[in-house]
Amino acid sequence: MSEGDEGNLGWRAALPADLQKHEALTNIKEVKDLGAAYVDIVGKSKNAIYIPGADAKDEDKAAFNQKINEVRGVPTKPEEYELPFDKKDANYNAEMDSAVRQMFHKVGVDKNQAQALLKEFGELDKKFGGANMEKIEQAAIEKVVAQQKADSDKVMADAATALKTEWADKYDVRVAGSQRFTDNMEKIVPGFKQSAIDSGFGNNPFLVKAFAYLNEAVSEGFFVGGTREGNEGGEGGFFSYPSMDKK
């Protein structure tokens, strides 16, 4: 914020002192710009990948892994793998073809990895013979699965740790504030909360952080059940700052 802006906070004058000069808000000149920024965040969130917290439900983690698999190129169905099996070959084995596809899909192997693994299996088969192939294949698959799980767990753990470190002793209070903001949004936009759960963006640490700060911004009487505090039944709305009042 420039020096000339020190005495001209505009809409930010309605915020708590610790938010008036927050770097995330200083470039937002009017409340309408804040609204546009928020709408932009929600829009982008539809295509974003949200990291479940360390204590997330199994179904949330499964949804996260499914989205990661889509980005990595893991087919939605085993039949979609492009494997070098020639069905016209006299030695073609349909059962083996199906079993390999099911195996790759079960452990989350992407299309490129599937091609590479089949090539490696072929080379190993030539070198060691069929007797040891089952053990070799299992070991290779277990290695891929273990690495994928380790990577996914680290991403989720790092995100949760970073937020806890930043907020320190305010962590529990701000997470609760983020939840209150979600509850208030539900009053204005019925279905908002369930949409957050279904899409997974409610577990995104960046949005949890944004919702917590927005909750603080409106907690000083600027959002009480959809109307401005002290103006029960009035027209005050979601973001009812002085600069938004009708002249």
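**Reading the labels**

Tutor: Let us begin with V218, which lies in helix α9, where helices are DSSP runs of H or I with at least four residues, strands are runs of E with at least two, and numbering starts from the N terminus. This is a predicted model, in which local features need pLDDT of at least 70 and side-chain atom pairs count only at pLDDT 80 or more, while totals for chains, interfaces and linings use all residues. Residues are numbered from 1 along each chain as its sequence is written, and side-chain values use heavy atoms, with hydrogens and water left out.

Student: What makes a set of residues a nonpolar core, and which residues have the most contacts inside the largest one?

Tutor: A nonpolar core is a set of buried Ala, Val, Leu, Ile, Met, Phe, Trp, Tyr and Cys residues joined through side-chain atoms within 4.5 Å. The largest has 13 residues, and those with the most contacts inside it are W11, L15, L19, L25, I28, L34 and W167. At least two residues of this core come from each of α2 (31-45), α6 (133-167) and α9 (205-218), and α9 gives the most, with 4 residues. A second, separate core of 12 residues includes F104, V107, V109 and L118.

Student: How do you know that the span of α4 is close to the expected one?

Tutor: The expected span of a helix is 1.5 Å times one less than its number of residues. Helix α4 (residues 94-107) has 14 residues and reaches 20 Å from its first C-alpha to its last, close to the 20 Å expected.

Student: Why are the buried residues of α4 said to be on the same side?

Tutor: The buried residues in α4 are D97, V100, R101, F104 and V107. They cover an arc of only 150° around the axis, the arc being that of the directions from the helix axis to the C-beta atoms, and therefore they are on the same side of α4. On the face turned away from this buried side, α4 carries the exposed residues E95 and K106.

Student: What is found at the start of α4, and what follows the helix?

Tutor: At the start of α4, a side-chain oxygen of N93 reaches to within 3.0 Å of the backbone nitrogen of E95. This can be set against the definition of a polar contact, a pair of N or O atoms within 3.5 Å, where within protein one must be able to donate a hydrogen and the other to accept it, and residues adjacent in sequence count only if both atoms are side-chain atoms. After α4 comes G108, whose phi is positive, near 80°.

Student: Why does D110 count as buried, and what is it in contact with?

Tutor: D110 lies in the loop between α4 and α5 (111-128), and because its relative accessibility is 11%, it counts as buried. A polar atom of the D110 side chain lies 2.7 Å from the backbone nitrogen of Q113. Contact means heavy atoms within 4.5 Å, and, leaving aside its neighbours within four places in sequence, D110 is in contact with R72, G73, V74 and Y81.

Note on methods. Buried < 20%, exposed > 50% of the residue type's maximum accessible area, 1.4 Å probe, protein only.
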